[in-house]
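Please keep the sequence and the coordinates at hand while reading.

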Amino acid sequence: QLSITGIIAVGLTFVILTAEIDLSVAAVANAVGISVAYFTIQPDYVNIDNVPLQGWIAVILALAAALAFGLVTAFGMNLVGIPSFIMTLAIMQIANGVSALLVRGQIAYSYPEFITMLGSGSIFGIRWTIIVAILFLGIGHLALTYTRFGRYIYMTGGNREAAEYSGVNVKLIIGSVMVISAVCSGIAGMLAVAYFGSAQQN
């Protein structure tokens, strides 16, 4: 379970380093986890009016949903000018609404094979969730420490005005980290439903 939280934390680290906040991570994770179940064939006893598709399509659509949440957040912050606290609070409510709309109080139990393997399987006695979390932590560390994008994130969080005068596209950086946070939350949400064995509104 800590591995799933760790994946969310990687995305949230990018956001916090730019001096912003994302309150929607848990709601987005839940909504994306429910989305991947919504697009998967469910047992007959599950009373959900879903759209069953092939596993890989379900995963892609769920990732697209996570990406959409991040893009809407970035749009509201950068083009409308809504502070991150308010914008992500709104996205949290929207994501909760999406969760309620898809399952309507029911519980889903089936997910694509790939997600089930990553969420509840293991290799050589090590859970796949731990391996995925370590992979995310490693990529996050490399991105923040050794790339220009990582330096721009630190610059934006340290002194936004100075970063702008230095030629950094601050709005693009902020929008990017919000998308990264949403995608990390979405991936964690998909793994979480397989780990816990059910996808439900709460």
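Helices and strands are taken here as DSSP runs, numbered from the N terminus, a helix being a run of H or I of at least four residues and a strand a run of E of at least two. The model is a predicted one, in which local features need pLDDT of at least 70 and side-chain atom pairs count only at pLDDT 80 or more, whereas totals for chains, interfaces and linings use all residues. Residues are numbered from 1 along each chain as its sequence is written, and side-chain values use heavy atoms, with hydrogens and water left out.

A nonpolar core is a set of buried Ala, Val, Leu, Ile, Met, Phe, Trp, Tyr and Cys residues joined through side-chain atoms within 4.5 Å; buried means under 20% relative accessible area, exposed over 50%, and partly exposed in between, with a 1.4 Å probe and protein chains only. The largest such core holds 55 residues, and Ile-7, Phe-14, Val-36, Met-190 and Ala-199 have the most contacts inside it. At least two residues of this core come from each of α1 (2-17), α2 (25-38), α3 (55-80), α4 (84-103), α5 (113-120), α6 (128-146) and α9 (170-196). The helix that gives the most is α9, with 12 residues. For Met-190, contacts (heavy atoms within 4.5 Å) beyond its neighbours within four places in sequence are made with Val-32, Gly-33, Val-36, Val-59, Ala-62, Leu-63 and Ile-115.

Helix α7, residues 148-158, shows how burial can be arranged around a helix axis. Its buried residues are Gly-150, Ile-153 and Thr-156. These cover an arc of only 120° around the axis, and therefore lie on the same side of α7; the arc is that of the directions from the helix axis to the C-beta atoms. An α-helix has 3.6 residues a turn, so residues three or four places apart point the same way. Arg-148 and Gly-158, on the other side of α7, are exposed. The cover over the buried residues of α7 includes α1, α6, α8 (160-165) and α9.

Two residues of the loop between α2 and α3 can be set side by side. Thr-40 belongs to this loop and counts as buried because its relative accessibility is 9%. A polar atom of the Thr-40 side chain lies 2.6 Å from the backbone oxygen of Val-36. Apart from neighbours within four places in sequence, Thr-40 is in contact with Asn-50, Val-51, Pro-52, Ala-58, Ser-110, Tyr-111 and Pro-112. Leu-53 is also found in the loop between α2 and α3, but counts as partly exposed because its relative accessibility is 31%. Residues up to four places away aside, Leu-53 touches Phe-39 and Leu-61. Between Leu-53 and Phe-39 there are 5.5 Å in space, C-alpha to C-alpha, although they are 14 residues apart in sequence.

On a 1 Å grid over the protein atoms alone, a cavity is a set of points where a 1.4 Å probe fits but cannot get out, and a pocket is an open set with protein on both sides within 12 Å along at least five of seven lines; lining residues have an atom within 4 Å of a point. Grid points are joined across faces, edges and corners, and a volume is the space filled by probe spheres set on the points. At least two lining residues come from each of α1, α2 and α9, and α9 has the largest share, five residues.

The count of cavities of 30 Å³ or more comes to one, and the volume of the largest cavity is about 40 Å³. The residues that line it are Asp-22, Ser-24, Val-28, Phe-69, Gly-70, Thr-73, Ile-91, Met-178 and Ala-182. Helix α3 gives the most to this lining, with three residues.

Helix α4 contains Thr-88, which is buried, with a relative accessible area of 0%. Not counting residues up to four places away in sequence, Thr-88 touches Ile-21, Asp-22, Leu-23, Ser-24, Thr-73 and Met-178. The Thr-88 side chain reaches the backbone nitrogen of Leu-23 at 3.1 Å and the backbone oxygen of Phe-85 at 3.5 Å.

How values were computed. A polar contact is a pair of N or O atoms within 3.5 Å; within protein, one must be able to donate a hydrogen and the other to accept it, and residues adjacent in sequence count only if both atoms are side-chain atoms.
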